[in-house]
Amino acid sequence: MVKIKNIYCLLVIGAIVWGCKKPYNPPVVSSDNHYLVVEGVINSGNDSTVINLSRTVKLTENVSTQAVSNFSVVVEDAQGNGYTLKPEGNGKYDIGPMHLDISKKYRLHLKDPTGKEYASDYVEVRQNPPIDSIGFFPKNNNLQLYVSTHNATNNTRYYRWDYAETWRFHTRYQSGYIVDTVTKEVRGRRINELVYFCFAGDKSSNIILGSSEKLVQDVIAQGPITTIPNTSEKLELRYTILLKQYALTKEGYQFWENMRKNTEQLGSIFDAQPSQLQGNIHNINDPAEPVIGYVSITDIQSKRIFIDNSQLPTDWIAKYPYDCGPLDTAYYSAPKSGHNDVEDLIIKGNGIPVVPFGNFRVEGYLYTSAGCTDCTIRGRVMQPLFWKEK
Amino acid sequence: MKKLYFLSLCFLMLCKLNYAQQNAGTLISVNFQQAGISQVVAELEAKTDYHFYYNPLQFDSLKVTIQLSNKPLEAVLEMAFKNTNFRYAITSGHQVFLTRGREIQTRLAADFFGNKPGVNQSSPNIVTNVATANFTDEKEVKVPEATTENKLYEIGIKTNTVEPGKATLSGYVREGKSGESVVGASIYVTNTKTGVATDQFGYFTITLPKGRQILSIRGIGMRDTRRQIILYSDGKLNIDMQEQVTSLKEVKISAEKVANVRNVQLGVNHLDIKSIKQVPTVFGEADVLRVVLTLPGVQTVGEASTGFNVRGGSADQNLILLNDATIYNPSHFFGFFSAFNPDIVKDIELYKSSIPEKFGGRLSSVLDITDREGNKKKFTGSAGIGLLTSRLNVEGPIIKDKTSFIFGGRVTYSDWLLNLLPEAYKHSQASFYDFNLDISHQIDDKNNIYITSYLSKDKFKLNSDTAYSYSNKNINIKWKHNFNDKLFSVITTGIDHYQYDIASFDNAVNAYRLNFDINQTNLKADFTYYLNRKNTINFGASSIYYKLHPGNLQPNNTQSLVMPDVIPAQQALESAAYVGDKYDITDDLSLSAGIRYSLYNYLGPQTVYNYAPGLPKTSANLIDSTSYTKNKVIKTYSGPEFRLSARYNLGDNTSLKAGYNTLRQYIHLLSNTTAIAPTDVWQLSDPNIKPQYGDQVSLGIYRNLKSNTIETSVEVYYKRLRDYLDYRSGANLILNHHIENDVLSTDGKAYGIEFLIKKATGKANGWISYTYSRTFLKQDDINAGELINGGAYYPANFDKPHDFNFIGNYRFSHRFSISLNVTYSTGRPITLPIAKYYYGGSERIYYSDRNEYRIPDYFRSDFSMNIEGNHKVHQLTHNSFTIGIYNLTGRQNAYSTYFTQQGGVINGFKLSIFAKPIPFINYNIRF
C-alpha cells in the first residue's frame, strides 16, 4: 500500500490558505448516448453472485442511474459451459454459489433483447485470502479504521474492499408519551412505540484499494478503510462494520484506481487529468462502443467487527444532528392567557410530549420536535439479525 | 605615395640616431641622497638645457640615491631609474618625459603613415635600451575609461589625417558605480545603421569607418549616453554608464533607441531586474518567472505553477539557464515562488523564436537568467523582509577592481501561516531556502574567470505522514579569453544536479523512501569572431553527460516490508557543434544564419526492452530484452538544427523580420498533471522513446513611434512538433520499469499572433501585450496504441487562445510610484463529464473527449505602491517599502474545475487559488 501515486491529492494546501472551493456547474454538456454499465463480482466461492446492469444518464437528470432489465446474463467458461443468472428486477441479476474451478478462466456474457451481445474478457479466478483483522485507532479527531490481511503464497497482491456499517444511536430526549391516534389524547408510550434507540446503516461510497505490489511479502498492513469523525453519531453507542474483500488482477486494480482518480481524487493543485476508463467488457460486434465496467472473479471474503463507545476516548462527544434547545412548555391552560397549548402545540401541532409537569396533577407537558426525540426519522428501531450487544 | 612615406620614415629614424649621439656629449655630475623627483628634476634642469615633463603623483614613491660624475643625461637617468619601473624618453626638442611603467615613444608610431606591419617590423628600431611599448597594444596598458560624453576619445594610433577604411573598436560597457558589466547594451553609430549589443560579459566589438564618430549607448536600466570618438585604427574603449536615476522631468535622447528594430533576432524579450521589480506579485517579492508570464506568447496553466508555456510548447520544453547552469525545477513552495533571488538577478532574456545556435536541447524557448556581478569597488548589500520570506545579499570586492563576489540568500518562515490553517492542515510544514554565490575575477585585460553557484532546497510535509523535499545544486566555471580584438572565447564547465526525495514514516510496514535525481556535467566552448564589419561569426561545441536515476524505492526502517525497487540509472551524452554568421548584407538587410548539429548517444549499462515492430509498445508485445555494458552506445540520434533569421529595415524606425528554426530535444519531463508537480520525473530518450523535434517559422514587423519612446511589434508564427510525449489513460509515471508502455508519441501544431506595445521610459511606462494562439496535439497512429479523441487534433492543456496583459507604472516623484498589472486570458481546456452512472456505491462520471471544454476565463488585476525613503546619498541605509494588493477585484478565477463524489453524489467544484484580494507588504533595506 505504498501511496506514491496519490501524493498529488495531498497538495491542496494552497487552495485552503488563499483559495476557495466553490460549486461549479459547467455549461450543459450531455451526451445523448446511454452507455451500458456492468457492475459486480463473480463469486467463485461459497456465496451468491450479483451483477447489476444499468445505463449512463445525462448529468442533468435527477436520477443517477437507469436500470437495465431483460438481458440474458451468463457466466461461461471458454468451452461455453454457462451459469445463467436470474433477473431480480431493477437491473439486478443473481445466482447462488457456483464453486468455479480456480484453474479455469470465465467470462460474463450479456445479450440484450435486440440481440446485441456483450462479453467480458476471459478472466482468471483470483485467490482471496481471509481478512486477518479489522482494527481502529483514534487519529487526530477521527477514528481511523483499517484492515490487515496477507497471503502467505504471495499471489493476491491487489485488493479491493467495500463495507456496510450499522450503528445504534439515540435521540436527544427520551419521550415517554405519545398522542393516541384514536383518542387524540396524550398517553404513555407502549413498548413498541419507543423511539429513543434506533439502528442506522450506510454503505461505502468510496473506492477502497490496496496493493502489496511493491512489498516483499503479500501483506496489507493497516490499510485505511474509512475514518469517522469523533463527533459522529455512529460512535455514540455501538458501531459495526462488515467488510468485504475482493482480490483483483493487476488490470482490474488499474481500472478501479483509474475510476478512483477520475471521480474521487480530483481537485488538488497537481491534478492528474481525467482519463478514459478502459474496462474489460466489450460489444462483441462493435468494439468501439464504450461499455463501463470491469468484471473480476474471486472468492469474496468478509469480516465483521463491533466497536463499542467504551473502547473510545471518553472526551469524544457526538454532535446531535438537529438543533435541540431546552424542552418547551405547553399548558392545558396557560397561566395568563388561559390558552390550551397542549391542544394547539402537541395534539394538533407537531410537538412531541416528553414528560408531564404540574403540582399533584398534570398541568401540561414539556415537549420538543420530532427530530429531537424520534429516532425513526433516520433509523429503524428493529435490531438487525447480525447485531450483537456486548 | 607609399614609397614616399617609407622614405620619410627612414629619414626620421636617421634624425633620431643623430640625437642619440648628440646627447652623449653633454656630461653632468650629480649626487642625490634619498632625493624626491622634484629635487632630481630641478637639479637636472639646472645643469642641462633639457626640460622635464612628468606627473608628480606617479613619482611620489621614488627616492633616488646615486652619485655620478661626468655622465651623459641618459646615463644619469638610466642609473636613477635602475630596477624601477620608471622610464624616460628624450626628444629632439630637449624635452624629457618621465613615465611610470612604459616609455613614451618619441618617434612617430611605426605604422603612422599606414605602413603595413610587416614593413614596420623590418625597420631598424633604435631606441631599445629600455622597455618600449605601444600605448594601444599592451597588456599593462589601461584601456581608456570613457566616462564623459563631451570629451573626444582618440582610439588607436593617432595619425595626422584619418585614413579611409574601417577599424575595429572593442571594449567593455560597465556600470560606473559598481564596475559591473552591462549586458545587452546596444552601441550604435548614429549615422550608420549598424550596431552591436554587448555580450553576457558586457563586451562588444564593432567595426566602424575610421574618423570621427558618435557612439550612442543604450542599456536597460542605464541612462542613455553617447561617446565621441575619433577612430584612427583598431583600439579599445571601455564605456562607463550611469544607472538611470529617474527624475520628474526627464530629458530624452531617444533618436537611437532602435535596438528592437535593428536587431536581427525576432521573438526575443529582454527584461532587466528593475522592470521586473515594478510588477506587483502575490507576496510582494519580485518574481522573475511571473513577469515572464506577462510577455506575449508566454502562458501558464495556473497560478500555483511557475511552469510556463512558450508558443504552444510544454513546460519542459523551456531551457532555463541561470548563469549557464540548467535549472530543472525553477519553483519554490508549490510554485508560488520562483527559484531566482530578485536581489541577485541582473536581467533575463527570453528567446521564443530566434534561438541562437549556441543554445539547444529544448524545443520551445531559452530563458537565460544572468546574475549580477559583485560590486568591484565597495562592499554593499541589501535585505528584504516579506510576509513569507526574507532575503539578504552582500557583495563587494575581494581584490579591488579585479575580483568581486556576490552572495544572496533567501529563507522562508511560513510555518506561522500553516498554523492558521484548518485542523486538517495545521500540522503541515513547508520551507525553502536558496543561496547564490558568484565570484568574478579579472586575471588581466584578456582573461576573466567567473564562478557561479546555486543551491536551493524545498521541504514540505502536509498533514500526512509523507515528507517531500527537492533540491537544485549547480556550479560552473567560466573562462573568458580574448585572443585579440576580433576573436574571443568563453569556455564553461559545470555540474547541474536536481533531486527529490519522498519519505513516509507513519506506518512501519509501509515506510519507504523514494529518490529521484538527475546529474549533468557540461563542457562547452563558445567562440565569437568579428570577421569584419559585415560578418560576425559564432562557433563552438558543447557536450553534456547525463546521469539520471529515475527512481529508487527503499524501505525506510527495519520493520518495513517495502521491496527495494531501483530503476536502473540512465546515461547519455548529448553533444553539439555549431557555427553561425550574422551578415549585414547592406545597411538595411541583415541575415543571421546558423547551423547546429546535435548528436545524442544513449549509453550503457542498460537493459533495453524490445517490442514487436509496428505494434503498440505494451507488455503484450514485449519480445525480449538486450543488455548493454557500460558506456556502450545503445542508440544514437542526431540531426542538424537550422537557425535562420533576417531583418530588412523599412525606414529609420521600422523593420521587417523573418525567421525559421528547428530544434531537437532529447530529455523529457514525464508529467500527466496539469501543473508541473515537484515530483515529476525526467526521462532520457532511448530506443523506445524518440527525441522530440520541432520547427517554427515566424514573421514580425517592428516599429518605433514617438521618437522611439514607444516600441511596437507584431509577430506571427507557425510551429510543428513531432514525438511530443502524452500519456495513456491512467498512466503510471513513477517507478515504472517500462515507461514506454505508458507514454504515447503525439504530433502537435501551434500557431499564433503576438502584439506588443512597450514604453520603456518616462513617468508612465510599461507594456501591453496581446496574443492569439492555438496549440493542438494528435495521436493518430493506431499502431502506437490507444488513440486519443479518435486520432483527431485536440487542444493541448495550455491552449488559451486569447491572452492579454497590461503592466503599467506611474512615477509621481522620486520617492513614490504606483504599478498596475492586468491579466486576462481564455480559460484552459478541460475534460468535462458528459454522463453519469452508479458504480462502486456512488455516482460516477463519464468524461468527454480529452480537453473538449474550457474552464471560465481568467482575469486578475494587481496594484502596488513603492515608497522609497529619502534619497540622501550619505546615509547608512536606504529603505523602501512595497505595499500592494494582489487580485484587486477578488475575482475567483478557476484554477481547475473538477467533479468528485461526496457521500455518493457527484458534485462539480471550481477550485480557486488566491480567490480574495491579498494585501502584501515588503520592506527592503540597502546598505
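This note goes through the disulfides, sheets and aromatic contacts of a predicted model.

1. Conventions. Residues are numbered from 1 along each chain as its sequence is written, and chains are lettered from A, with ligands numbered from 1, in the order in which they are written. In this predicted model local features need pLDDT of at least 70 and side-chain atom pairs count only at pLDDT 80 or more, while totals for chains, interfaces and linings use all residues; side-chain values use heavy atoms, with hydrogens and water left out.

2. Disulfides, the count. A disulfide is taken as a pair of cysteine sulfur atoms within 2.5 Å. By this rule there are two over all chains. In chain A they follow the pattern 1-4, 2-3, with bonded cysteines counted along the chain.

3. Cys198(A) and Cys375(A). One disulfide joins Cys198(A) to Cys375(A), with 1.9 Å from S to S. The link is right-handed, with 60 degrees about the S-S bond. Cys198(A) belongs to strand β18 (residues 197-203) of chain A and Cys375(A) to the segment after β28 (364-368) of chain A, so that distant parts of the chain, 177 residues apart, are linked. Strands here are DSSP runs (E, at least two residues) and helices likewise (H or I, at least four), numbered from the N terminus. Cys198(A) is buried at 0% relative accessibility, and Cys375(A) is also buried at 0%. Buried means under 20% relative accessible area, exposed over 50%, and partly exposed in between (1.4 Å probe, protein chains only).

4. Cys324(A) and Cys372(A). Another disulfide joins Cys324(A) to Cys372(A), with an S to S distance of 1.8 Å. Its torsion about the S-S bond is about -100 degrees, so this disulfide is left-handed. Cys324(A) lies in the loop between β25 (301-308) and β26 (328-331) of chain A, and Cys372(A) in the segment after β28 of chain A, 48 residues apart. Both Cys324(A) and Cys372(A) are buried.

5. A sheet within chain A. Three strands of chain A form an open sheet in the order β13-β14-β20, with antiparallel pairing. Strands pair if DSSP finds at least two bridges between them. The edge strands, β13 (131-139) and β20 (219-229) of chain A, each pair on one side only. From one strand to the next the twist averages 25 degrees, taken from axes that are lines fitted to C-alpha atoms (for helices over the stretch in contact), with angles from 0 to 180 degrees between N-to-C directions. Eight bridges join β13(A) to strand β14 (residues 142-150) of chain A in the antiparallel sense. Phe137(A) stands opposite Gln144(A) in β14(A).

6. A sheet across two chains. Another open sheet of three strands has the order β4(A)-β51(B)-β52(B), again with antiparallel pairing. β4 of chain A and β52 of chain B are at the edges with a single partner strand each, so one side of each has no neighbour in the sheet. Strand β51 (residues 833-839) of chain B has six of its seven residues buried, so it is largely enclosed by the rest of the structure.

7. Pairing in that sheet. Strand β4 (residues 57-58) of chain A is joined to β51(B) by two bridges, in antiparallel sense, and Val57(A) stands opposite Lys836(B). Ala835(B) has Tyr846(B) as its bridge partner, and Tyr837(B) stands opposite Arg844(B). β51(B) and β52(B) form a hairpin with two residues between them, and Gly840(B) in the turn has a positive phi of about 60 degrees.

8. Aromatic pairs. Over all chains there are 41 aromatic pairs. Rings of Phe, Tyr and Trp (its six-membered ring) pair if their centres lie within 6.5 Å; planes under 30 degrees apart count as stacked, over 60 as edge-to-face and the rest as tilted. Tyr158(A) and Tyr253(A) form a tilted pair, 5.2 Å centre to centre with 50 degrees between the planes. Tyr158(A) lies in strand β15 (residues 158-170) of chain A and Tyr253(A) in helix α2 (residues 250-263) of chain A, so the pair ties together parts 95 residues apart in sequence. Tyr158(A) is buried at 9% relative accessible area, and Tyr253(A) is buried at 11%.

9. An aromatic cluster. Phe255(A), Trp256(A), Tyr294(A), Tyr837(B) and Tyr839(B) form one aromatic cluster. Phe255(A) and Trp256(A) are both buried.
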